[in-house]
Amino acid sequence: MAEGNKVILHGSWLSLYTKRVELALKTKGIPFEFVDEDLNNKSPLLLKYNPVHKKVPVLVHNGKPIVESLIILEYIDEIWKTGPGLLPEDPYERARVRFWASFVHQQVFESLSLACTSDGEVQEKAIKELLEKLKTFEEGMKEFFPDGIASIERSKTLGLLDIVLCSVFGPHKVQEEVLGIKIVDPEKTPLIFSWVTDLTELPLVKELTPTHEKLLALVQFFRNNALKSGAA
């Protein structure tokens, strides 16, 4: 790594937001040092670099910290012009990608998280909202993929929206196993299904994805903790 271009990523394998940044850096071919943070005992450096949220990921570029995964992804794309672009060149197309990335990051993931960490009526409502938001996303993506099939086989590179979608629904089989329902449904949301399937088959995504068993244990752990806290 060149002395004048030092990149350090403070993150954790537990964090889907960290995975986004790893995917972006590797897609761009940017060498970086990974600092695996213990989220139960955060390092003084992490607290110094992100004093507001005290969370991962934090990208440190030549001593300067950047926080929040979506902001980090855009920073990476603006600073490193070599390698594939994460965002389109056209300002209107860039704006559309930002809108839908934000929709998945906030709206869809919020409902998914609540569904995975609740039960009873709260969970039923969260699942219903999640499926409705996925239908909205499916309809919106038809503008990007007019033939109704999302395939990235041609380029085998990841854009910003690919990365966000992959981080949220890459482990959809684990989420479905925990919830006992079909989330990414080939019949109800065929475009999203084909898209996620393509993404999870990419060598880079496979490289950064923990085993099914490890992910299942993680989701169940968070779910059990949330349910215990709610009952306390």
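**Figure 1. Val 196 of helix H8 in the predicted model.** Val 196 belongs to helix H8, which spans residues 190-201. The model shown here and in the legends below is predicted. With a relative accessible area of 1%, Val 196 is buried, because burial is assigned under 20%. Asp 162 is one of the buried residues of helix H6.

**Figure 2. Helix H6, a mostly covered element.** In H6, 10 of 10 residues are buried. The buried residues include Leu 160, Leu 161, Ile 163, Val 164 and Leu 165. Cys 166, Ser 167, Val 168 and Phe 169 are also among them. Helix H6 (160-169) also gives two or more residues to the lining of the largest pocket.

**Figure 3. The largest pocket and its lining.** The volume of the largest pocket is about 1,200 Å³. Its lining consists of 42 residues. Nearest the centre of the pocket lie Leu 14, Ser 15, Leu 16, Tyr 17 and Phe 109. Helices that supply two or more lining residues are H1 (16-28), H3 (69-79), H4 (91-116), H6 (160-169), H7 (172-179) and H10 (212-231). H10 makes the greatest contribution, with 6 residues. By residue class, the lining contains 23 nonpolar, 12 polar and 7 charged residues.

**Figure 4. A nonpolar surface patch that includes Trp 13.** The patch is formed by Trp 13, Leu 14 and Leu 39. Together these residues have about 230 Å² of accessible area. Trp 13 sits in the loop between strand S1 (7-11) and H1. Its relative accessibility is 36%, so Trp 13 counts as partly exposed. Leu 14, another member of the patch, is also among the residues nearest the centre of the largest pocket.

**Figure 5. The salt bridge between Asp 77 and Lys 28.** The whole structure has 8 salt bridges. In the one shown here, Asp 77 pairs with Lys 28, and the closest N and O atoms are 3.0 Å apart. Asp 77 is in helix H3 and Lys 28 is in helix H1, so the pair ties together parts 49 residues apart in sequence. Both partners are buried: Asp 77 has a relative accessibility of 11%, and Lys 28 has a relative accessible area of 7%.

**Figure 6. The salt bridge between Glu 201 and Lys 206.** The side chains of Glu 201 and Lys 206 form a salt bridge with an N to O distance of 3.3 Å. Glu 201 is partly exposed, at 48% relative accessible area. Lys 206 is also partly exposed, at 47% relative accessibility. Elsewhere in the model, salt bridges with shared partners join Glu 93, Arg 96 and Glu 143 into one network.

**Figure 7. Arg 96 and Glu 93 within helix H4.** Arg 96 and Glu 93 form a salt bridge in which the closest N and O atoms are 2.8 Å apart. The two residues are 3 positions apart in H4, so about one helical turn separates them. Arg 96 is buried, with a relative accessible area of 15%. Glu 93 counts as partly exposed, with a relative accessibility of 26%.

Figure 8. Val 56 and Pro 57 are joined by a cis peptide bond, with omega about 5°. Pro 57 lies in the loop between helix H2 (44-49) and strand S3 (58-61). Asn 62, in the loop between S3 and strand S4 (64-67), is not a glycine but has a positive phi of about 50°. Asn 62 is partly exposed, with a relative accessible area of 39%. Glu 68 also has a positive phi, near 75°, and is a residue other than glycine. Glu 68 is located in the loop between S4 and H3. At 35% relative accessibility, Glu 68 counts as partly exposed.

Methods: Residues numbered from 1 in each chain as written. Predicted model: local features only at pLDDT ≥ 70, side-chain atom pairs only at ≥ 80, totals over all residues. Heavy atoms only, no water. 1 Å grid on protein atoms, 1.4 Å probe; cavity = no way out; pocket = protein on both sides within 12 Å on 5 of 7 lines; lining within 4 Å. Points joined across faces, edges and corners; volume = space filled by probe spheres on them. Helix = DSSP H or I, 4+ residues; strand = E, 2+ residues; numbered from the N terminus. Nonpolar A, V, L, I, M, F, W, Y, C, P; charged D, E, K, R; others polar. Patch = residues over 30% accessible without salt bridge, like charges linked within 9 Å, V, L, I, M, F, W, Y side chains within 5 Å. Areas by Shrake-Rupley, 256 points an atom, 1.4 Å probe, with all protein chains shown as cover. Salt bridge = Lys/Arg side-chain N within 4 Å of Asp/Glu carboxyl O. Buried < 20%, exposed > 50% of the residue type's maximum accessible area, 1.4 Å probe, protein only.
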